[in-house]
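Dear colleague,

I am handing over the structure we spoke of, and below it you will find some notes on what turned up in it. Please read them with the coordinates open beside you.

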Amino acid sequence: MIQFMKMTLNINGADRMFVCDPKTDTLATVLRRLGLTGLKVGCGTGVCGACSVIVDGKVVRSCTRKITSVKEYSRIITIEGIGAPMYLHPLQTAMMERGAVQCGFCSPAFIVSAYQLLLDDPDPSREDVRDWFQKHRNICRCTGYKQIVDAVMDAAKVLRGECTVEDIKVPMPQDRNYYGKALVRPAALAKVTGLADFGDDIELKMPDGTLHVVMVQPKVAHHAKILRINTEEAEKSEGVYKIITHKDVKGSNRLNFAPFMPRSLTTEKTHILLAEDKIFNYGDIVALVAADTKANAREAASKVTIEYEQLPEMLSYLEAALPDAARVHDDHPNVWFMQPTLKGCENIRELIEAAPIVVEGSFYSSREPHMPVEGDTVQAYFDEDGMLTVHCKSMAIYANIGDIAEATGVPAEKVRVVQNPTGGSFGWGIASATYAIAAIACVALGGRPIAFSMAYEEFMAFSGKRCPSYSNTRLAAGADGRIIAAEWDTGLDHGAYNELGDDISTRIARFMYFPYNVPNCLGLARVASSNHSYGTAYRGYGSPQAYTASEAMMDMLAEKAGVSPYEIRWRNVARKGDLNINGYEFTSYPGEQMMEMIKPIYDKAVEDAKAANAAFGESGEKHRRGVGLVWGGYNVADGTTDQCTVAIELGEDGRFYKYDTWQDQGQGGDIGSLMVTLEALRTTFGDKRAIDKDDVVLIQNDSKYCPDHGPTASSRSHFMNGISSKACAEKLFCAMLKPDGTLRTCEEMEEENIPTKYENQFLNEEFGNLTELDPNTGVGNPTPDYNFALFLSEVDVDLQTGKTTVLSMKSVADVGVVGNAAAVEGQAFGGMSHTIGFALSENYEDVRKHNNPLGAGIPGPKDIPDDLEIIFAENPRWQNPFGSSGASEAFQSSGHMAVINAIYDACGVRVYELPATAEKVKAGIDILSGGGEIEPPQKYFLGSDLYEEMENIRSDPKHWG
Ligand code: FES
Ligand code: FES
């Protein structure tokens, strides 16, 4: 017999009686069932703080608090009790105004947590705030925490009566020239009040008749032949509607991604959604269970077992590339793609060996997990038009329609994709596969509406990661340290599935030694399949792997040349006339300007480190300070065929309705679209009509209504949408303009049969100068623009433990004209926080240990310095009507190497293989203090000799190895 329990809690000031299940209910499940869905569940295991509520004056993580451990009549405060849209608490206002809300999934918890802090201590210092969030495990993956602390400090001032709420708001320009100003994101209000429904909230609120679908993820092997899937016991389980296996799938059961570059050895779509005859990696799904409740679905899923035969597991590039390695996929060798880069002198080897200075090294970058605080939850149903509709965290709505059609066999014109409010993605959402799996379930269930969700651990095992890299590289320079030639050989471990593996290797071919003047180079980027997590997009996409090698080498070159890390970069940064490694111009040359901007900051940091080390020497404190400086940057737009389509309509109310699929992953697709639309209208309509910020209404991210803006990727959105919005505004303006120079109203246009809605597609080919990379030489110009970033980091290394503390990270960046100051700063600080995690702690190598954000090394508030700073070198871009470039991925390109170089500067330990854990640094310190030398990793064997491979390619460009 099931026994329930009646309870009463005082929730947000009112006594509320409810019935709960004493065996399974947590405080979180009860509160969410009561409709208080401002409380979010991220990890579900007590490590992310997203579920924070206040219980009798204490901040509590409600996901792990059993309801039976909560005293009856306890006083509970949730976000809903703190403020509502029409009665905002100063904390909520401050969070919005300071740009502290990105994806917003963590925001209610931070506000709840800070609310209690300010009750306990109305006048905290910034460090007190950071300590408080650290103590209560409030994790934010988007912001880098700084803007959240800013917001708490602002709200505290209001609460102490030192200023008014109006005083902490961003002043709006009287002339309505909003571009560049920190306008508040339209979606922020719902997020700070807990009213934004993310995937799990939508699931909870789905109508009756919705089936709950969970995955069967055996997690028994990385590579295995499936002999049998045993579903009989599960089928008898309570509430089960159907167990779905690959046999129930009517489409190809694959994502639509196939390798597409000429040198790819395969064109197979390898991403199988429900395992067929094999398991290719630990997180593969063998079946789905659909039941009346999620609990019943989970219970049944636990009864599905598989019989399998273990196959050889290749868990890294190095294993997969061995000559006798078993194939991961039968149809092609494990190393399945190579992209050369050749520039200048034909005989690079001789050139290098004859150079006055040569440095050499091998470097590894790790399998970095994205770790959004929200995992992944998807809904699928047939809508009122008979369209198969999928609600998900899409960051490429139209590409995902293609995936769903491919997987299910439902024609693409009958598929609709809607993006849910998204609790972060950072790139993983480009091919999350869950949208196609949910669609498969919906179709296999005869069109029954479904909600598909997974536990965070399942999400970690299932989702793609940043692919690890192994690089061998040499750098040759003159006696003055000026680069003569570079050579590299990089192997990318792309894991079980091939999607984008060929594409990402081109980033090695473009960003190795960026943005230096490298007159001669020979490089090879190789991609291999393995049985680990599949490689997928992640902010910076391919460039962090390149910088892991090249920015360490620049410091090694500086040391050998006897100059400072600053000086070596000053001497080598590209100047006007220098060509990039692909033989084309860099599109702009802000190198000298940016280095001059960072010089005083660098000099001060070096002096401060010296002074601190002298003080440590005197006091005997076993700490050392160091400074690291690196160059970074990234391409803008997604290659030669990129396009962006938007529409603007004049509404009957006189407002402008903007339609696009600028998917908001937390970066601000809403505010980005608003900024470019306001600017497009302002600069087009001039004095014919003043456009207020409230005159634009955004209709976004539903393929039923919105044209294809393209993916939220490649730092392309602001740049491309800006161009397209400007042209679109001009079309509408021309249609509204009367012969007498005044403007038609919507009503007048309709009377004259003039359309009120205009669409514009901008194609990258309109630039007229873009070319794909040559598959055999890497010569080409696939991007209309680049952004640039310098990063400087100060670290403290504890010599006794090896623990590195990042004291500051500062960046001088050129992203063109800044569109929205708070949003771009948010991207910068967020990117920096990921780079610090990448440098020191983040990893998804051990699938059992790294299965939650804490285990996988997500940085908490005290792991990220409060001293984050971004300084803009705003060089307007001719390619964009507003002078803007793209502003995201540069911020996560190379900052990790500023930390790694700073560790070396501090204590002489060069970490060649990420992450620089305390154990690794301590081991290096011990070797050095014992008078030894740290052995660099042996040169990696990547499948063949670099020069033999290049000779094969040169003598037969179609040679595939
Ligand atoms: S701590 Fe409760 S959801 Fe993460
Ligand atoms: S805004 Fe904090 S997790 Fe996204």
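**A buried asparagine and its surroundings**

Asn721 has a relative accessibility of 0% and therefore counts as buried (buried means under 20% relative accessible area, exposed over 50% and partly exposed in between, with a 1.4 Å probe and protein chains only). This is a predicted model, in which local features need pLDDT of at least 70 and side-chain atom pairs count only at pLDDT 80 or more, while totals for chains, interfaces and linings use all residues. Residues are numbered from 1 along each chain as its sequence is written, chains are lettered from A and ligands numbered from 1 in the order in which they are written, and side-chain values use heavy atoms, with hydrogens and water left out.

Asn721 has its place in helix 21 (helices, H or I of at least four residues, and strands, E of at least two, are DSSP runs numbered from the N terminus). Leaving aside residues up to four places away in sequence, Asn721 touches Cys644, Val646, Lys658, Asp660, Trp662, Val676, His709 and Arg716, where contact means heavy atoms within 4.5 Å.

**Helix 20 against helix 21**

The axes of helix 20 (residues 669–685) and helix 21 (residues 717–736) come within 8 Å and cross at roughly 40°; axes are lines fitted to C-alpha atoms, for helices over the stretch in contact, and angles run from 0 to 180 degrees between N-to-C directions. Helix 20 is therefore oblique to helix 21 (angles under 35 degrees count as roughly parallel, over 145 as roughly antiparallel, 65 to 115 as roughly perpendicular and the rest as oblique). Among the residues that meet are Val676, Ala680 and Leu681 in helix 20, and Asn721, Ser725 and Phe733 in helix 21.

An open sheet of mixed pairing is formed by 5 strands in the order 12-20-19-18-13 (two strands pair if DSSP finds at least two bridges between them). Strand 12 (335–343) and strand 13 (357–365) each have a single partner strand and stand at the edges, so one side of each is left without a neighbour in the sheet. From one strand to the next, the twist averages 10°. Strand 18 (residues 469–477) pairs with strand 19 (residues 483–493) in the antiparallel sense over 9 bridges, and Ser471 stands opposite Thr490 in strand 19. Helix 17 (residues 543–561) lies across strand 13, strand 18 and strand 19, and runs at about 150° to strand 13.
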